[in-house]
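Welcome! Here is a short briefing to read alongside the sequence and the 3D view.

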Amino acid sequence: MHQNPDFELYDNVGRTSEQIAAARYGIATRDDLLRWAARDAEQFLAEHPLPDAPLPVPDTAPYLAALAAAKTPAEVSAVTQHLLDCAEPALNAVSELLAAIARWGDRHRHAEKGDPPKMLMEAASRSLSVLALAHQADLAVLRAEYDPAPAPPAGQPPGPIRVSGGLPPAPPSTPPAGQAPGR
């Protein structure tokens, strides 16, 4: 009897693409890994209970209301800087915890790029990069407002100065090392 070529498609109805790929390659899905780890950590969590509730989410309503009322870059900067100052302790705590996880068991000492401890250290660093990038963007807005780049002098084209003639000048010649040949 000839099988329908779409049989496998129908057999996978209700399965996610990850489940289908995992079955095809004989590997565990993300959910499998997390389920197995939760099962194996039950006794540990009973001895060391962790909070079940998510970390408190800050109330963003005052920031959004202030942002809606802002009329100048200085006012927007005030909102941005206040938000960054208030978020910094939480992001620092997350960064420090991720770094501690990466250092667990000294796995990070000989880890190579792409290994889990290095990935965790990078995540710890990137969580703080959010603050630095937002601060840098805010300063760029303030610089444009309060300290813009000077206009080029009259008669000079804007942009980088170009030297005509094609190639740059040759570097100065250096004397050869050692003794000079005799004549």
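Which pattern does the protein chain follow when read along the sequence? The pattern is α-α-α-α-α-α-α, and the secondary structure comes to seven helices and zero strands. Helices (H or I, at least four residues) and strands (E, at least two) are DSSP runs, numbered from the N terminus. This is a predicted model, in which local features need pLDDT of at least 70, side-chain atom pairs count only at pLDDT 80 or more, and totals for chains, interfaces and linings use all residues. Residues are numbered from 1 along each chain as its sequence is written, and side-chain values use heavy atoms, with hydrogens and water left out.

**Burial and surface**

- Of the 183 residues of the protein chain, 11% count as buried (buried is under 20% relative accessible area, exposed over 50%, partly exposed in between, with a 1.4 Å probe and protein chains only).
- Phe 44, Leu 45 and Leu 50 form a nonpolar patch on the surface, with about 310 Å² of accessible area together.
- Patch residues have over 30% relative accessible area and no salt bridge, and nonpolar side chains (Val, Leu, Ile, Met, Phe, Trp, Tyr) are joined within 5 Å, like charges within 9 Å.
- Accessible areas come from the Shrake-Rupley method with a 1.4 Å probe, and for residues only the protein chains shown count as cover.
- Leu 45 lies in helix H4 (residues 42-47) and is partly exposed, with a relative accessible area of 38%.

**Leu 91 in helix H6**

- Leu 91 is found in helix H6 and is partly exposed, at a relative accessible area of 24%.
- Leu 91 and Leu 128 are 37 residues apart in sequence, yet 6.4 Å apart in space, C-alpha to C-alpha.

**Salt bridges**

- Side chains of opposite charge can pair when their charged atoms come close.
- The count comes to five salt bridges (a side-chain nitrogen of Lys or Arg within 4 Å of a carboxyl oxygen of Asp or Glu).
- Glu 122 pairs with Arg 126, the closest N and O atoms being 2.5 Å apart.
- Both Glu 122 and Arg 126 lie in helix H7 (residues 116-146), four residues apart, about one turn of the helix.
- Glu 122 is partly exposed at 38%, whereas Arg 126 counts as exposed at 56% relative accessibility.
- Another salt bridge joins the side chains of Arg 30 and Asp 31 (3.3 Å, N to O); Arg 30 is exposed at 52% and Asp 31 partly exposed at 44%.
- Asp 147 and Arg 143 also meet in a salt bridge (2.9 Å, N to O).
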